[in-house]
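Here is a short report for a reader new to this structure. Keep the model in view while reading.

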Amino acid sequence: MYALFYSCEIRNNPRFYPYFKDCIGALDGTHIRASVPLSIERRFRSRKGGTTQNVLAAITFDLKFAYVLAGWEGSAHDSRILSDALSRPRGLRIPEGKYYLADAGYGIRIGCITPYRGVRYHLKEFGAEWPENEKELFNLRHSSLRITVERVFGILKKRFRVLDAEPFWNFQTQVDIVLACCIIHNHIMGVDPSDLLNQGLYEESEFDSIIQTLTEREERQEAREWSAKRDEIAETMWTDYMARNIR
């Protein structure tokens with residue numbers, strides 16, 4: 001099923017293919033309003049000051065949720081939530097050799113490629129200017145693909161106004177409502193009998209999957225290897241880009 005996720009968005013676009021041929025989607029977090037007891041309210045206070053739950057989602061390029069982890073405190077760091085999702089027995093599974101695009105806050109790791117730090121990234125930062133090197137070009141195209149996740153969060157919150165309302169249920173019900181909204185969204189986008197989120201289970205796929213059980217030393221090694229993979233993609237992309245523009 002993963003092979004279908006990128007076929008249209010990536011394979012049919014020369015800006016993205018073959019560079020992102022192993023990309024199966026994008027992941028990010030969003031904050032949903034939460035109501036919790038005063039004794040733990042501080043943990044749920046986000047950087048913007050509101051009381052929220054931090055929701056992690058992996059989203060495919062057909063604008064559907066592949067995985068959702070709700071219920072984390074609003075103050076929790078994105079990378080910590082991703083590590084939790086990867087370590088759960090029925091958590092996020094990433095096929096061997098495949099990866100998601102994510103923002104820099106998650107840190108580059110196995111199955112997750114982030115943009116270069118300290119380099120222009122968002123589309124508005126470029127304006128009418130062209131990328132000046134391979135890192136800027138990579139970041140620009142990374143941003144163009146990863147914006148999918150922001151589009152889906154926008155659709156979800158506009159479609160289900162309950163997510164922006166002050167909740168009055170207990171916290172577990174608040175978590176369940178987020179998951180229910182994501183499942184209904186997937187059905188609206190097109191019911192798929194093999195959709196893992198709709199099944200409510202995250203079973204092993206037919207691919208060899210990645211489970212985060214690495215030591216700190218192994219994690220550093222994996223980060224170096226995936227940084228090298230990102231460099232290879234960026235250099236190939238830049239070489240092709242320059243060849244087309246010189247002609």
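Which residue in E2 is the bridge partner of His 31? That partner is Asn 54. The model behind this report is a predicted one.

**The sheet**

Five strands build an open sheet. Their order is E3-E2-E1-E4-E5, and the pairing is mixed. At the edges sit E3 (65-73) and E5 (112-113), each of which pairs on one side only.

Strand E1 (residues 23-33) runs antiparallel to strand E2 (residues 52-59), and eight bridges join them. E1 also runs parallel to E4, with three bridges between these two strands. Strands of a sheet pair through backbone hydrogen bonds, either parallel or antiparallel.

Some bridge partners are listed here.

| Residue | Bridge partner | Strand of the partner |
|---|---|---|
| Asp 28 | Ala 57 | E2 |
| His 31 | Asn 54 | E2 |
| Ala 26 | Leu 101 | E4 |

Is E1 mostly covered or mostly open? E1 is mostly covered, with eight of its 11 residues buried.

**Helices on the sheet**

Helix H4 lies across E1, E2, E3, E4 (99-101) and E5. H4 runs at about 45° to E1. Helix H5 packs on the sheet too, where it touches E1, E2 and E3. The direction of H5 makes about 165° with that of E3.

**Where the helices meet**

How do H4 and H5 cross, and at what angle? The axes of H4 (residues 134-159) and H5 (residues 171-189) come within 11 Å and cross at roughly 105°. An angle from 65 to 115 degrees counts as roughly perpendicular, so H4 and H5 are roughly perpendicular to each other.

H4 brings Val 152, Ile 155, Leu 156 and Arg 159 to the contact. H5 meets them with Cys 181, Cys 182, His 185, Ile 188 and Met 189. By type, the residues of this contact divide into seven nonpolar, one polar and one charged.

**The cysteines**

How many disulfides does a search of the whole structure find? The search finds zero. Cys 112 is in no disulfide: its nearest cysteine sulfur belongs to Cys 23 and is 10.0 Å away. A disulfide needs two cysteine sulfur atoms within 2.5 Å. Cys 182 is in no disulfide either, and the nearest cysteine sulfur, that of Cys 181, is 6.9 Å away.

Are Cys 112 and Cys 182 buried or exposed? Cys 112 is buried, with a relative accessible area of 1%. Cys 182 is buried as well, with a relative accessible area of 2%. The cut-off for buried is under 20%.

How values were computed:
Residues are numbered from 1 along each chain as its sequence is written. This is a predicted model: local features need pLDDT of at least 70, side-chain atom pairs count only at pLDDT 80 or more; totals for chains, interfaces and linings use all residues. Side-chain values use heavy atoms; hydrogens and water are left out. Buried means under 20% relative accessible area, exposed over 50%, partly exposed in between (1.4 Å probe, protein chains only). Axes are lines fitted to C-alpha atoms, for helices over the stretch in contact, and angles run from 0 to 180 degrees between N-to-C directions. Helices (H or I, at least four residues) and strands (E, at least two) are DSSP runs, numbered from the N terminus. Angles under 35 degrees count as roughly parallel, over 145 as roughly antiparallel, 65 to 115 as roughly perpendicular and the rest as oblique. Contact means heavy atoms within 4.5 Å. Ala, Val, Leu, Ile, Met, Phe, Trp, Tyr, Cys and Pro count as nonpolar, Asp, Glu, Lys and Arg as charged, and the others, Gly among them, as polar. Two strands pair if DSSP finds at least two bridges between them.
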